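Trainee: I have a model open on my screen and would like to learn how to read it. Could you walk me through a few features?

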Amino acid sequence: MASILITGSTDGVGRNTAEALLDEGHRVVVHARTTARLAAIQHLVDRGAEAVVGDLTDLDQVHGLVEQANALGPFDAVVHNAGVMQGPVLPVNVTAPYLMTALIPASRHIYLSSSMHRGGQPDLAGIDWTGERQTRSYSDAKLFVTALMAALARLRPDVLAHAVDPGWVPTKMGGTGASDDLALAHVTQAWLATTDDPEALVSGRYWHHQRTEKLHPAVHDKGFQDELLASLAEQTGVQLPAPTPERAARS
Ligand SMILES: NC(=O)c1ccc[n+]([C@@H]2O[C@H](COP(=O)([O-])OP(=O)(O)OC[C@H]3O[C@@H](n4cnc5c(N)ncnc54)[C@H](OP(=O)(O)O)[C@@H]3O)[C@@H](O)[C@H]2O)c1
């Protein structure tokens with residue numbers, strides 16, 4: 001049995017991921033933006049899921065969420081699933097996953113990316129991480145979080161990092177016209193969080209339906225990764241920790 005935290009589990013792909021992992025008998029910690037939104041996953045709490053609460057647009061609330069999560073950890077995996085397509089794309093899709101990666105110890109970190117990351121621009125000039133001014137697009141945010149995944153894979157050999165494109169699926173975000181299969185959208189993340197399949201034990205990969213796919217070339221650009229990490233560290237006041245000697249020795 002693995003212990004897995006899933007952000008944004010009150011709807012869509014995140015809720016399906018939580019349900020599937022509970023079905024498989026794992027310990028699941030779900031996340032809602034407010035206590036009121038917990039109502040959407042009461043059925044999962046009734047089945048034994050534990051819950052944490054916090055709005056990912058608010059750095060103080062992300063710290064509160066980290067505290068709640070660490071009281072329930074350590075985790076075998078964190079699935080950074082919560083996302084928005086409009087509005088605060090940087091705080092929700094990038095800054096919150098960065099802080100949670102830095103502050104929540106877990107053996108595996110899995111980030112929801114998108115095929116749209118390939119349209120992103122690897123340019124941080126003039127960026128407003130607070131989201132108060134919308135300085136970047138959804139594609140940019142998904143490129144950044146995918147580069148964060150690759151940076152983690154490079155700098156933390158004690159941790160497995162993956163990014164997943166769930167496909168264009170009919171959720172609140174995807175809309176009713178989405179052409180991919182919602183029933184498949186959570187499968188890769190649930191597998192990566194728990195499997196000992198050797199191909200899933202190679203860090204730094206980008207997946208779609210359990211197959212690796214081509215990335216935007218900036219994702220593996222060390223210079224861009226370092227610039228991204230420095231910018232996020234400056235914004236949050238939190239550095240990505242180095243591997244502990246004990247963990248590094250085991251990797
Ligand atoms: N659907 C697609 O076609 C598609 C395609 C490619 C990638 N993705 C990615 O897959 C992930 C899941 O998408 P989805 O389609 O399942 O989206 P969704 O149905 O809109 O669900 C998004 C989840 O994130 C939560 N969330 C959003 N903003 C939040 C905030 N400020 N604080 C806390 N929680 C917040 C939502 O909470 P509420 O329920 O309270 O709103 C919800 O639980 C996202 O990262 C998305 O970018 C989706």
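Trainee: What does the side chain of Arg108 reach?

Mentor: A polar contact is a pair of N or O atoms within 3.5 Å; within protein, one must be able to donate a hydrogen and the other to accept it, and residues adjacent in sequence count only if both atoms are side-chain atoms. Here the Arg108 side chain comes to 2.8 Å from the backbone oxygen of Leu192. Keep in mind that this is a predicted model, where local features need pLDDT of at least 70, side-chain atom pairs count only at pLDDT 80 or more, and totals for chains, interfaces and linings use all residues. Residues are numbered from 1 along each chain as its sequence is written, and side-chain values use heavy atoms, with hydrogens and water left out.

Trainee: Is Arg108 buried or exposed?

Mentor: Buried means under 20% relative accessible area, exposed over 50%, and partly exposed in between (1.4 Å probe, protein chains only). Arg108 has a relative accessible area of 10%, so Arg108 is buried. Arg108 sits in strand β5, residues 106–112; strands (E, at least two residues) and helices (H or I, at least four) are DSSP runs, numbered from the N terminus. Contact means heavy atoms within 4.5 Å, and beyond its neighbours within four places in sequence, Arg108 has contacts that include Asp76, Leu160 and Asp196.

Trainee: Which residues are closest to the ligand?

Mentor: A residue is near a molecule if one of its heavy atoms lies within 4 Å of it. The ligand has 31 residues around it, and the closest are Arg37, Asn81, Tyr138, Thr171 and Lys172. A polar side-chain atom of Tyr138 is 2.7 Å from a ligand oxygen, while a polar backbone atom of Asn81 is 2.8 Å from an oxygen atom of the ligand.

Trainee: How many residues line the largest pocket?

Mentor: Rolling a probe the size of a water molecule over the atoms shows where empty space is left. On a 1 Å grid over the protein atoms alone, with a 1.4 Å probe, a pocket is an open set of points with protein on both sides within 12 Å along at least five of seven lines; lining residues have an atom within 4 Å of a point. The largest pocket is lined by 38 residues, with Asn81, Ala82, Gly83, Val84 and Met173 nearest its centre. Helix α1 contributes the most to this lining, three residues.

Trainee: Where is Ala20?

Mentor: Ala20 belongs to helix α1.
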